[in-house]
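Dear colleague,

Please find below the structure that I am handing over to you. My notes on it follow directly after.

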Amino acid sequence: MNLSSASIPVFDVICALAFVGDLSMGQPVDHSARTAWLAARLAEASGCGPQARVDAAWAALLRWSGCTANAPEFADLMGDDVGGRRAMLALTSPTEIARVIGSVGPMARIHCEVAEDIARTLALPDEVRATLRHCFEAFDGTGQPMGLSGEAVPPTVYLVALASDLEILSRTYGLHSALQTIAERADHRYPSRLVELAREQGADWMDALDRGAASTEALKAAFGDTGRTAALELVADVIDLKLPWMLGLSRRVADTARRCAAHLGLDEAAQGRIYRAGLIHGIGRSSVPNNVIEAIRPVGEADQEKLRLVPYWAERAGRRIEALRDEALLASFIEERLDGTGYYRGVSGEAIPQEARILATAACAVMLQTARPGAAALDEATALQRLRAEAGRLDVTTVEALTGAPLPTRALPAASPLTDREVQVLSRIAQGESNKEAARVLGISPSTVRAHLESVFRKLECSTRAAATLKAMTLRLI
């Protein structure tokens, strides 16, 4: 067993990314699944073949997979990146929609580029990749990121867009109002022929959804049996795109927890389970606005509850993703403490499994050594001293084991398409520094930083910081 990586079925990776996307958009965790089923029904009703239906379903499941990548920009624009997106999706006024589209162009480009790269990494069909690259384009050319129109837009884009609108608007305003709004968007957002299909069969489709047609088991039976696996690290890296200082955070927690487990003598199966749990432990952070995560002063009760529910969402993910059920349950204990002062369950003592204690301690150690707003990074010795002071809340044996399992450094590949200086520049920019800030740290001029970035983008075939960061993490370049 290779404990430095974790592979699970491609369908389960897609479901995990759909879960992250739904939380990021402020949607119920079955939104993307329901949209996928509707998109496949629309494809079938419009005469598409079996592969086109699968492509539509996968594109719908991954439509919001780029959301963490532009969360900082959405937070700057709207204050609340999660609530702002939720409100945006519920808009029905053409004037308001046009205003929003006009303000989110750069963010749409980030989102689409990252989503397409995710599909490429998963080796999904070209139609899925093209759909994600243009997922916000509109039939009349008013969409993003390129303003394409008509037949220049991949046809699956229209299937997924209409399916998403039908799911969200029906849930928010009722089916009758949803169909009225969709009719108003005919030949604007999507072709009128698809709108007619939705009006004719929408009621039956929504009834089938309410009877469980889009359950994980049903979707897997219909669309998920590829026989391939994918690296779970991709999910970790997408989670960590939410804030620049989180770069590589989930991988470091996973590596530290696995090394600690090995030092304590746990077998390979337990080490692998702990490692995978570390990769997904932050999946619930997608549901929390960036300004709450980064708050330096105490936050109000409502925001505190959002933070307390982060590990709860990890458990919920496990209920929906078969390959991660044990790992998600383990990750859901990550904020529990031996004296009962943790969350979300508030359990104590032996009610917290040993593997969960290891994961919780590793997460604390990594966080103490991570610079973030309001907290400088501690060196390893100071971090361990701080952890020892938490005896009674954290497991002392596990804390001491960390001295034999220090925070790992990432092994970079022997051959890299980037020069050493390009790696240095990308690493600074990936952590949220501006060109000027990176230039000051590296002792070079801003124009030199810009030149290195242009070279990085060209070599990695990207045009945004977020996409370059994700690709570099996937290739283990940074």
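I239 is buried, its relative accessible area being 1%; here buried means under 20% relative accessible area, exposed over 50%, and partly exposed in between (1.4 Å probe, protein chains only). The residue is part of helix 13, which spans residues 233–240; helices (H or I, at least four residues) are DSSP runs, numbered from the N terminus. This is a predicted model, in which local features need pLDDT of at least 70 and side-chain atom pairs count only at pLDDT 80 or more, whereas totals for chains, interfaces and linings use all residues. Residues are numbered from 1 along each chain as its sequence is written, and side-chain values use heavy atoms, with hydrogens and water left out.

Apart from neighbours within four places in sequence, I239 is in contact (heavy atoms within 4.5 Å) with V20, T68, S250, L279, I280, G282, I283 and R285.

Turning to charged residues, the whole structure contains 34 salt bridges, each defined as a side-chain nitrogen of Lys or Arg within 4 Å of a carboxyl oxygen of Asp or Glu. One of them joins the side chains of K242 and D81 at 2.8 Å, N to O. K242 lies in the loop between helix 13 and helix 14 (249–263) and D81 in helix 5 (residues 81–89), so this pair ties together parts that are 161 residues apart in sequence. K242 is buried at 2% relative accessible area, and D81 is likewise buried at 0%.

A further salt bridge links R319 and E315 at 3.9 Å, N to O. These two residues are four apart in helix 18 (residues 310–320), which means that about one helical turn separates them. R319 is exposed, with a relative accessible area of 52%, while E315 is buried at 17%.

E336 lies in the loop between helix 19 (325–331) and helix 20 (354–368). Its side chain reaches the backbone nitrogen of G346 at 3.1 Å and that of V347 at 3.4 Å.

Yours sincerely

How values were computed. Polar contact = N/O pair within 3.5 Å; in protein donor to acceptor, adjacent residues only side chain to side chain.
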